[in-house]
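These are my notebook entries from reading through a structure, written down in the order in which I looked things up.

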2 protein chains.
Amino acid sequence: MLHAVVMSGGSGTRFWPQSRRDRPKQLQPLAGETSLLQQAFDRLEGLVPADRTWIVTNTLQAEATRQQLPTVTPEQVLEEPRGRNTAPCVGLAARHLLATDPDAVMLVMPADHVIGPHETFRGAVGRAAELVSEDSRRLVLFGVPPTHPATGYGYIRRGDPLGGDHQGHHVAAFHEKPDRATAENYIATGETYWNCGIFTWRADRILEALAEHQPELAVGLEQVGAAVGTDDYRRVLESAYDSISPISIDHAVLEHSDDTCLIEAPFDWHDVGSWHALSQLSENDPDGNTLWGRVTVVDSSDCIVRSDGDHLVATVGVEGLVIVHTADATLVARRDDEEGLRRLVERLEEEGRGDCL
Amino acid sequence: MLHAVVMSGGSGTRFWPQSRRDRPKQLQPLAGETSLLQQAFDRLEGLVPADRTWIVTNTLQAEATRQQLPTVTPEQVLEEPRGRNTAPCVGLAARHLLATDPDAVMLVMPADHVIGPHETFRGAVGRAAELVSEDSRRLVLFGVPPTHPATGYGYIRRGDPLGGDHQGHHVAAFHEKPDRATAENYIATGETYWNCGIFTWRADRILEALAEHQPELAVGLEQVGAAVGTDDYRRVLESAYDSISPISIDHAVLEHSDDTCLIEAPFDWHDVGSWHALSQLSENDPDGNTLWGRVTVVDSSDCIVRSDGDHLVATVGVEGLVIVHTADATLVARRDDEEGLRRLVERLEEEGRGDCL
C-alpha cells in the first residue's frame, strides 16, 4: 500500500520573526490560508488517506503539528528526539510503516514546499509508485526541470531511460550546490534536474539499502523498529538517536545505489527558502510590493510587508525591504540579504535574546 | 505674581505612530523618561508653584493632561473646545488668571519644546519678569540665537536696546519662515533670532492689546472671563469659540505693538519637530543609529529605531530609516521624508483607517 511520509522537522530562521524554533515555517501560513504542512497534507487527498499519512517531526514541534492535522492520529506523528537530517528520518518512518504494513511503499516529501497543481502531483506520484511496483528495488526520486541557474539546490543528471512506457531514467550523477556558471552548464545539457527531495520507494527496500550503506544507522533503526508499540519505545529511540550522526538520505544511500532512478516532475515546485522567494510566488502591487495583512504603503516599491492580526504597518518612501511584524518581534531588513538574517540570529543569541528565535 | 501658562493643545502627526490625535507629542516621553509636558512643568520648579501653573489644552486631551500633572488642580487645566492657534489660547488663560490675580504676570510657553538647562531658563524668565515690572506695557518674547539657517521657524530682528542694565531690545521686525538664502542673510546680521514662542507679559496688558488689535476676539474672551466659576462657563466658552477665527498671538498683537521687545534666550532650545530632529538631541551608536527600547541592529546605519514595551525590533542592512513600533501600528519610513509622513496620514484617512491617527 502507498503511504505518505511528510518530513516536517525543519527549524530554520530564514522566515524569522514569522517562523520560530518552535513554530517553524512549515507550521506557518506563509503561502495561503493554511500552513505549508496543511497544504502538504491536502496535496495527498485522494492519493493517500489520513490513516496512511505519517508525519516525522521533532519533539519540540510535535504538539503544534498534531493540532494542525486533527485527522491524523497522534501515533502517526512520529517524533525524532532531535533532527539528524533525512536518512534517520526516512529510516524511522520506514520502520514504523513496516510494523503495520510489510508491503508499504513510501512517498517521502518535505512539508515546507509549495507544489501545484495537486492533481498533477498526485499523478506523478502514481507513476513513481508504478515504477516501484514494476521493480521493487527501485529508489525513485523526482527531478524538477530547472527554470534558472539556482546555486542553492542539488542537481541530478539523468542517465539511460529505464525502458518501457514510462519516462523514468537511471540517475547518472548527483551534483552538490554548484556555482552559477556550473549551474548554467547543467541547465544547458537539458539532462539535469533539481533534486527536490521527494522520493518513492518500498519501506523494506530503503531499509535494506541503509543496512548496506549505513550499517550503524540501520542497526539503531532496527532496535527502534522492534520497540514500536512497547513501553520501551521512547527509551530505545532516545538511545538510538544519541549515537546517530546526521546524514541525508541522498548521501547515505541514493548516491551509492545503482537502483536510484528519477522521473521528471510535471508539477510546479518551490522550496520557499526566503521572504524574497516567497514574494515571487505571491501577487504584487503595481510597484512590486508584496503585501500581507493590514499594511499601507506610500511611495514604496519592491518591498515585502507582512503584518499579523490588527496591527497596522505603514511604509513611506522605502524600497527593497522586507518588513515582518509579529506579536512580539518585528524585522526590517534588505530583502535580498539572507546572509544578514543569519547574522541577526547570531547577534540575538549573543545578546541573550535567543528567546525570540 | 508670576504665573505659568503652558500651551499644550498641539495635535500633529509628525511623530506618528508614537503620537496620536488623542496622545500628541507633548504627552509622549519622546526625549527622556517623562513626557515633554511633564518636562515643561519640571522646568518651572522653584520659579512658579503648581498652584500658579496653568495648562491650556483641548477637550480631547484634557483627561490625559490632568493625569500627567497630578499636582496641578483640574481647574487649572483649561480646555479649549477646539484649537484656534495661540491668540485665543493666550487670551483665555489671561482671563482665568485675572479672575484670581489682577496683577498676574504670565509666562507663556509651549509644552512640546526641549529646553535646558532648567536653571538657565528660570533665570531668563526672571529677567523677562523684571522687564515687565519695570514697564507694565512691555510684551517680552525670547529670541533664540540661530545655530543654522532653519527654514521652518519665524525670525525676529532686534532693534534698539531698551536701556538700563538688562539686555532687552525693542523688536524691529518679524519675518515669516524664510527660504534658506534669506535665513542665511538673517543670521549674518547677528541681530536676528528665532521666535521660539515663549513670552512674558501682564495678563491685563495682553488683553488690552488684544482689545486694541483683535476687538472681536477680545469681546468673546471677555464674556468667557465673566463666566469663569459659573454654571454657564462651558456654554459661554463653546459659544465664544464657535465664532473665533484661528490666529497666532504674533500676528494678532506682537507684530503690531510698539511694546513688543525681546531678550536673548540663554538656554538651549529645540522644538523637536520630527523624528530626525529628535534623534539629533539623542545619543547615537557608532553607526549613527538612534535606538530606543528593545532594538537590535545589524549592519545598519543612520537609523532611528524605537520600540515600545517588550516588543523586539530588529534591523538588518538598512540605512537612513525611521522605524517606530507601537502597540497597534508600526512605521517604516525614510528618515528625512517629513512630507511623506503627511502623505501617509492622508492615505490612511482615504482608506478609512483614521482610527490609527
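**A loop residue to begin with**

I looked up A:Asp302 and found it partly exposed, because 17 other C-beta atoms lie within 10 Å; by the definition I used, a residue is buried with 20 or more other C-beta atoms within 10 Å of its own, exposed with 12 or fewer, and partly exposed in between, the C-beta atoms being placed from the backbone. A:Asp302 is not a glycine, and yet its phi is positive, about 55 degrees. I placed A:Asp302 in the loop between β13 and β14 of chain A, where helices (H or I, at least four residues) and strands (E, at least two) are DSSP runs, numbered from the N terminus.

In the loop between β13 (295-298) and β14 (304-307) of chain A I also noted A:Asp299. A:Asp299 has a positive phi of about 50 degrees although it is not a glycine, and it counts as partly exposed because 18 other C-beta atoms lie within 10 Å.

**What kind of model this is**

I wrote down that this is a predicted model, in which local features need pLDDT of at least 70 and side-chain atom pairs count only at pLDDT 80 or more, while totals for chains, interfaces and linings use all residues. Residues are numbered from 1 along each chain as its sequence is written, and chains are lettered from A and ligands numbered from 1 in the order in which they are written.

**Two copies and their contact**

How can chain B be laid on chain A? A turn of 180 degrees with a shift of 0.0 Å along the axis does it, with an RMSD of 0.1 Å, the copies being superposed by least squares on the C-alpha atoms of residues with pLDDT of at least 70 in both. The two copies are therefore related as by a two-fold rotation axis.

I then turned to the contact itself, which takes 32 residues from chain A and 32 residues from chain B; two residues are in contact if their C-beta atoms, placed from the backbone, lie within 7 Å. On the side of chain B that touches chain A, the elements that give two or more residues are β13 (295-298), β15 (312-316), β16 (321-325), β17 (329-334) and α11 (338-350) of chain B. I sorted the residues of that side into 16 nonpolar, 7 polar and 9 charged, where Ala, Val, Leu, Ile, Met, Phe, Trp, Tyr, Cys and Pro count as nonpolar, Asp, Glu, Lys and Arg as charged, and the others, Gly among them, as polar.

Strand β17 (residues 329-334) of chain A is joined to β15(B) by 5 bridges, and these strands run parallel; two strands pair if DSSP finds at least two bridges between them. One bridge that I looked up has A:Val332 with B:Thr315 as its partner in β15(B).

**The end of chain B**

I followed chain B into the segment after α11, where I found B:Cys356. Is B:Cys356 buried or exposed? It counts as buried, because it has 21 C-beta neighbours inside 10 Å. Between B:Cys356 and B:Pro17 there are 339 residues in sequence but 7.9 Å in space, taken from C-alpha to C-alpha. Leaving aside neighbours within four places in sequence, I listed the contacts of B:Cys356 as A:Leu312, B:Pro17, B:Asp328, B:Ala329 and B:Leu348.

**Strands inside chain A**

Strand β2 (residues 53-58) of chain A pairs with β3(A) in the parallel sense over 4 bridges, and A:Ile55 has A:Val77 as its bridge partner in β3(A). From β2(A) the chain crosses through helix α2 (residues 59-68) of chain A to β3(A) in a right-handed β-α-β crossover, a name that applies if, with the strands pointing away from the viewer, the path from the first strand over the helix to the second runs clockwise.

I noted as a rule that in a regular strand the side chains alternate between the two faces of the sheet. In strand β3 (residues 77-80) of chain A, A:Val77 and A:Glu79 point one way and A:Leu78 and A:Glu80 the other way, and all are buried.

The peptide bond that joins A:Gly116 and A:Pro117 is cis, with omega about -15 degrees, and I found A:Pro117 in the loop between β5 (114-116) and α4 (118-134) of chain A.
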